[in-house]
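Hi,

Here is the structure I said I would pass on.

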Amino acid sequence: MPDLPLPSPAEDGWRQTHLGRLFGHAMRRFDARVLQLMARNVEVPLALSNLAARDQVTAAHVHITRHLALQGDRLTDLAQRAGMTKQAMANLVDQCEAWGLVTREADPLDARARRVCFTSTGLAWLQAFRDAVAQAEAEFRAEVGHDVATVVAIGLEAYAGGDGAGMLMR
């Protein structure tokens with residue numbers, strides 16, 4: 001391989017500022033803020049709040065909050081919707097079950113299958129998640145301005161293929 005000249009620092013900045021990296025940083029910041037808000041929510045059971053405050057609840061656990069249907073789901077459907085393997089989702093469900101967020105119940109449509117369902121504590125967690133997302137979105141709008149936030153939301157929806165449920169931040 002021929003020796004190539006090293007780019008100058010000015011020419012190398014793209015590695016830190018390309019869209020994919022910025023998307024990743026923004027997503028991690030947003031998710032961290034949501035979890036921080038959930039940890040402070042007095043409606044969240046204290047044990048869960050303490051887990052969130054000690055960074056035991058991660059963005060991966062939020063996949064269940066984001067993707068589990070209110071009527072419950074089979075593990076394979078939940079994993080597919082979250083873009084995870086069945087084994088990885090099973091581990092998250094095990095943890096969330098131990099924390100009292102979800103339970104496994106018999107599937108009324110298939111006696112061999114089980115459904116993952118929110119518990120009453122899980123539904124309270126889901127409401128805290130909704131409240132935290134709304135506050136984090138409001139903070140984003142306040143930081144970048146309403147017009148920029150709207151353009152970002154429209155652009156991200158278009159880029160993601162419009163698979164989100166409704167327009168964000170309007």
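To start with the rings: how many aromatic pairs does the count come to? The count comes to 1 aromatic pair, and keep in mind throughout that this is a predicted model. The partners are Phe-23 and Tyr-159, with ring centres 5.8 Å apart and planes at 40 degrees. Planes under 30 degrees apart would count as stacked and over 60 as edge-to-face, so at 40 degrees this pair is tilted.

As for accessibility, Phe-23 is partly exposed at 35% relative accessibility, and Tyr-159 is exposed, with a relative accessible area of 67%.

Some background on the whole protein. There are 9 helices and 3 strands, and from the N terminus on the order is α-α-α-α-α-β-α-α-β-β-α-α. The protein has 170 residues, of which 33% count as buried. If you take contacts between residues at least 6 apart in sequence, 51% of them join residues at least 24 apart.

H9 comes up again in its packing with H8. The axes of H8 and H9 come within 6 Å and cross at roughly 120 degrees. Parallel, perpendicular or oblique, then? The range for roughly perpendicular is 65 to 115 degrees and roughly antiparallel needs over 145, so H8 and H9 are oblique to each other. On the H8 side the contact is made by Phe-140, Arg-141 and Val-144, and on the H9 side by His-146, Val-148, Ala-149 and Val-152. By class that contact has 5 nonpolar, 1 polar and 1 charged residues.

Thr-119 is in the loop between strand S3 (110–118) and helix H8 (120–144). What does the side chain of Thr-119 reach? It reaches the backbone nitrogen of Gly-122, at 2.9 Å. Leaving aside neighbours within four places in sequence, Thr-119 is also in contact with Gly-100, Leu-101, Val-102 and Thr-103.

If you open the model, I'd go to the Phe-23 and Tyr-159 rings, then the crossing of H8 and H9, then Thr-119 with its reach to Gly-122.

Cheers

Definitions and conventions. Residues are numbered from 1 along each chain as its sequence is written. This is a predicted model: local features need pLDDT of at least 70, side-chain atom pairs count only at pLDDT 80 or more; totals for chains, interfaces and linings use all residues. Side-chain values use heavy atoms; hydrogens and water are left out. Helices (H or I, at least four residues) and strands (E, at least two) are DSSP runs, numbered from the N terminus. A polar contact is a pair of N or O atoms within 3.5 Å; within protein, one must be able to donate a hydrogen and the other to accept it, and residues adjacent in sequence count only if both atoms are side-chain atoms. Contact means heavy atoms within 4.5 Å. Rings of Phe, Tyr and Trp (its six-membered ring) pair if their centres lie within 6.5 Å; planes under 30 degrees apart count as stacked, over 60 as edge-to-face and the rest as tilted. Buried means under 20% relative accessible area, exposed over 50%, partly exposed in between (1.4 Å probe, protein chains only). Axes are lines fitted to C-alpha atoms, for helices over the stretch in contact, and angles run from 0 to 180 degrees between N-to-C directions. Angles under 35 degrees count as roughly parallel, over 145 as roughly antiparallel, 65 to 115 as roughly perpendicular and the rest as oblique. Ala, Val, Leu, Ile, Met, Phe, Trp, Tyr, Cys and Pro count as nonpolar, Asp, Glu, Lys and Arg as charged, and the others, Gly among them, as polar.
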